[in-house]
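Thank you all for coming; I would like to walk you slowly through one model this morning. Please have the sequence and the structure open while I talk.

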There are 2 protein chains.
Amino acid sequence: MKKLINHPSDVVRDALAGIDAAYPDLTVDHELRFVRRADAPVAGKVGLLSGGGSGHEPLHAGLVGHGMLDAACAGEVFTSPVPDQILAATRAIDSGAGVLHIVKNYTGDVLNFEMAAELAAESGIEVASVIVDDDVAVQDSLYTAGRRGVAATLLVEKIAGAAAEQGRKLADVAAIAQRVDDLSRSMGVALTSCTVPAAGRPTFDLPETEMELGIGIHGEPGRRRVPLAPAAEIAEQLLEPVLADLDLAGADVLAFVNGLGGTPNIELYVMYNEVAAILAKAGVRIARSLVGSYVTSLDMAGCSVTLLRLDDELTALWDAPVQTTALRWGR
Amino acid sequence: MKKLINHPSDVVRDALAGIDAAYPDLTVDHELRFVRRADAPVAGKVGLLSGGGSGHEPLHAGLVGHGMLDAACAGEVFTSPVPDQILAATRAIDSGAGVLHIVKNYTGDVLNFEMAAELAAESGIEVASVIVDDDVAVQDSLYTAGRRGVAATLLVEKIAGAAAEQGRKLADVAAIAQRVDDLSRSMGVALTSCTVPAAGRPTFDLPETEMELGIGIHGEPGRRRVPLAPAAEIAEQLLEPVLADLDLAGADVLAFVNGLGGTPNIELYVMYNEVAAILAKAGVRIARSLVGSYVTSLDMAGCSVTLLRLDDELTALWDAPVQTTALRWGR
């Protein structure tokens, strides 16, 4: 295992310390392991909380800031945060307007966020939850009942974050988050396995001539192993199930090509080009796009493609200003 | 070789097509292979041009936009752009206020930019050049006489870009760019080799238990091979020559931890934490910071650390608004 880390058991602690040192606008609770906007709670605003296992950076801590998340809980690598963390973060960002939990659909995350939501409700905080489940690759998987939550989580966080920033009520923000999830689908491919620090060796073996289609962001098995293919074919294989599952005839979409951690931007640009060509042929118009490594799986080489069917409201919320360390635009 | 590409010879063409498709604010000349601001030339503003071999993305095309570069030329992977490209890009962004060439110190880049500058001057365009040579690892190397130009290139582009945006004259913008280079030092480490698409195999072999200190961004040999070490020791080994070469007693610095393409953010945060600890002990104050993969070496795992000694003027120019696809803040 070759990684820029100290002891494998200290990776999350050290990474949080690095985030704390690098970003003055963020405040880190090192004991309870959550990162929040230094100015949270924001008066009158619905608080947005996400989190999950570490290893997907910049998701979620890199997406904390104006116009997006108010806080993010960090579990150990690929391990759900515990209810105490989630409860503390929920309390820290509640202005009285309530808190939305944005939860990727993994059994541990769902259970622990649920438990924290109940405890928060008992102490008088209004909590709503949205479960993100955009991955079309598999129905049930190693850690999930139903579809897995992957890169659309970023889209949910951005768009719901903009709605919250406008002062909308909790139920309204939750409904928008749910709508983004309903209208998003993703599919990923791995060229290599990731290596979990504590394990010290690749999660799975993947021969030099093969790739894993439909990979999960924890290295969970995908749909099938197939021979390594040119980018154009890979893009076809990723988009086929996405397009089959989402009615996009004549639609505007946001196209998101996401790197899994070990793949550089030059390859993501190549993939984006193929995605754009396929969508043009299918009569789907790309109205917005995002290219980069935002929802990673440690050092896995590969990418995912996410499409979100846009409407005027979602587009306006996507375009609204955002100021996080990983995603920022507008004033 | 496992990459998300089509044919190895098409990587640069396909990546430029992807950039063109993804970013409406950028215009790509596919024949002459340069990317420019769609609104260039900007009336009255000094034009900023950089470029070099491909394989370092998002450098340079991802740094084209308001407050930074006006255009970037893309050579083949790790191969200098030719004078024709550089000349065409220079012409395309000259508003009459002249053009600054920002050139990483590699023999081919320096020669080709020089030739293009002469041709541009003959056609009446005022051109100034700054050669970036921030890498303390080696004095001369495979492709370079003198120190190599690496991650400080981004700092030069950002700060000179802000000066140009303020309407300063060419000589003034060039002097500021030179000052940023003079006050910057970098050093990198590779955990793995990169793989050049056309070669199809790793540029060098690096045993599972070793790393290469002082690596160049094309996989050029570094200072020495050493045993793999914890992040804290790696940070010491990277910073020692940087601190020895730059007088930073009591200084404010910009600290830039840069991923080389195959290393995910979680590891960069860990490295940043160690860098911050060392600087605190050395009495150097981090006033600004940047963490991410901006100046890459294809899929190489590893990172570089760059320090820039700040003064009030450089800090203000760093903070000025920038709107590129890879770096953006402010309005």
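Predicted model: local features only at pLDDT ≥ 70, side-chain atom pairs only at ≥ 80, totals over all residues.

Across the interface of chain B and chain A there are 20 residue pairs in polar contact, both residues being at pLDDT 80 or more, where a polar contact is a pair of N or O atoms within 3.5 Å, one able, within protein, to donate a hydrogen and the other to accept it, with residues adjacent in sequence counting only if both atoms are side-chain atoms. Residues are numbered from 1 along each chain as its sequence is written, chains are lettered from A and ligands numbered from 1 in the order in which they are written, and side-chain values use heavy atoms, with hydrogens and water left out.

Across that interface of chain B and chain A, zero salt bridges are found, a salt bridge being a side-chain nitrogen of Lys or Arg within 4 Å of a carboxyl oxygen of Asp or Glu. The contact, meaning heavy atoms within 4.5 Å, takes 56 residues from chain B and 55 residues from chain A. Between them the two chains bury about 4,700 Å², 61% of it on carbon and sulfur atoms; buried area here is the accessible area (1.4 Å probe) that two parts lose on being put together, summed over both. In chain B, the residues that lose the most area to chain A are B:Lys2, B:Leu4 and B:Tyr269, together 20% of what that side buries.

Which residues does A:Val11 touch, if we leave out those up to four places away in sequence? They are A:Ile5 and A:Pro197, together with B:Ile266 and B:Val270 from chain B. A:Val11 counts as buried because its relative accessibility is 3%, and buried means under 20% relative accessible area (1.4 Å probe, protein chains only).

Turning to chain A by itself, an automatic or database domain assignment gives domain 1 (10–183) and domain 2 (184–321), whose C-alpha centres lie 22 Å apart. Between domain 1 and domain 2 of chain A the area buried is about 3,300 Å², of which carbon and sulfur atoms give 65%. The count between these two domains is four salt bridges. As for individual side chains, A:Glu313 and A:Arg179 meet in a salt bridge, at 2.2 Å from N to O.

Terms used. Buried < 20%, exposed > 50% of the residue type's maximum accessible area, 1.4 Å probe, protein only.
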